[in-house]
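Look at the sequence and the fold together before reading on. The text goes from the whole chain to its parts.

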Amino acid sequence: MTYKNIYLKKGKEESLRRFHPWIFSGAIDHMDDGIQEGDVVRLLDNQGAFLAVGHYQQGTIMVRVLSFEDAIIDRTFWHQRLQMAYDVRKSLNLQRDDNNTFRLVHGEGDFLPGLIIDCYGDTAVMQAHSVGIHRERMVIAEQLVKVMEGSIRNVYYKSETTLTARMAQETENQFLIGDSAADVAVENGLRFHVDWLKGQKTGFFVDQRENRSLLEQYAKDRKVLNMFCYTGGFSFYAMRGGAKLVHSVDSSAKAIELTNANVQMNFPDDARHTAYCDDAFRFLNQSDNTYDLIILDPPAFAKHRGALHNALKGYTRLNARAFEIIKPGGILFTFSCSQVVSKEQFRMAVFTAAAQSGRRVRILHQLHQPADHPINIYHPEGEYLKGLVLYVE
């Protein structure tokens, strides 16, 4: 198979020499005629020397690199890359009787830029972040089922919100393979409903699994506030950890409905839990000094660099209020999932909040995404989740 070529400006090939998987629009000198969005293209330097193969797409990131070898992107390629990703997950022992929830493919971290696959029991939820992946969705789904050796029977495609506006209009969330009405998955022995049809991301925030387990160790005899609870993951871990009281807060009525259903499924008729559908800042401003364990896990405050300044102010304001209301000896789990916010910037925002409160604060843990959300060492942008566990005197 012959792919069309894109030629880079002189000196713009250096990032590819360092194996970074993106080429930005400003690096491109010229390209062959007839290249369409989603096409596989060859990247060449200004002397015509081969650099990489990737998916072309209009926008700031114009090519996402699939291979630094002059490879053919066919069924064999997808099978091999999916097998590599699955081998890593098997080494992590994530498929167990008490756990069938994990991320199988994490984009650039698994050398498959533009592709996310989360597994919930025998259903995989696939998400495309590029037109090239969208065009290959059926081939990828078919190879996925083969690689997973019978453990995955259904593949649900959920990309209406992750593709370009024009492409999203032509895209329908649907099962590509199989069909399942079952929506209950298991994480570390706890069961939960997955709303892959209408829920955020692929239906659950798989990336907080290890951090939820850590929270469980701190929950005994504490009064817990889980802000931005979504479907209640931190809440039911806190309850299993022996919390005295758990309050879950989210602005989405659907999220609160799912939180209540998840708590009921794991702890039926347990009076320790109450869920509130409310704005986060309004709820915090009305709260007294009831809680001695608070979780702040907001949605991304900044999805692009233009929003960074306001995002950092938002993190400072949010954490400052938590410092004001948490009891002495309290534990604060605080997170940012904004990719454009660095660990240092987030830590400075929390530091500023602590200083404003006048409380003495110790860092107990510095948290990040789990091993099934690996970071390509040549693509540091893949490190998006950062968190702190703080002891507040």
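This is a predicted model: local features need pLDDT of at least 70, side-chain atom pairs count only at pLDDT 80 or more; totals for chains, interfaces and linings use all residues.

Residues are numbered from 1 along each chain as its sequence is written, and side-chain values use heavy atoms, with hydrogens and water left out.

The protein chain has 11 helices and 20 strands. Helices (H or I, at least four residues) and strands (E, at least two) are DSSP runs, numbered from the N terminus. Along its principal axes, the C-alpha trace spans about 65 × 45 × 40 Å. A compact globule of 393 residues would have a radius of gyration near 21 Å, and the 22 Å of the protein chain agrees with that. That radius is taken over C-alpha atoms, and the globule rule is 2.2 Å times the number of residues to the power 0.38. Of the 393 residues, 57% count as buried. Buried means under 20% relative accessible area, exposed over 50%, and partly exposed in between (1.4 Å probe, protein chains only).

Start with an open sheet of 6 strands, whose order is E2-E6-E5-E4-E1-E3 with mixed pairing. Two strands pair if DSSP finds at least two bridges between them. At the edges are strand E2 (22–24) and strand E3 (28–31), each of which pairs on one side only. Strand E1 (residues 4–8) runs antiparallel to E3, and 3 bridges join them.

Which residues have the most contacts inside the largest nonpolar core? They are Trp-78, Leu-104 and Ile-117, in a core of 36 residues. Among the elements that each supply at least two residues of this core are helix H2 (75–91), strand E7 (101–106), strand E8 (115–120) and helix H4 (137–147). A nonpolar core is a set of buried Ala, Val, Leu, Ile, Met, Phe, Trp, Tyr and Cys residues joined through side-chain atoms within 4.5 Å. In soluble globular proteins, nonpolar side chains tend to be buried together.

Now follow E8, where 6 of 6 residues are buried. Both faces are covered: Leu-115, Ile-117 and Cys-119 lie on one side, and Ile-116, Asp-118 and Tyr-120 on the other. E8 is antiparallel to E7, with 5 bridges, and antiparallel to E9, with 6 bridges. Asp-118 has Val-125 in E9 as its bridge partner. E8 and E9 form a hairpin with 2 residues between them, and Gly-121 in the turn has a positive phi of about 60 degrees. Beyond its neighbours within four places in sequence, Ile-117 is in contact (heavy atoms within 4.5 Å) with residues including Leu-82, Leu-104, Ile-140 and Leu-144. Ile-140 and Leu-144 are among the buried residues of H4.

His-129 is found in the loop between E9 and H3. Is His-129 buried or partly exposed? His-129 is partly exposed, because its relative accessible area is 32%.
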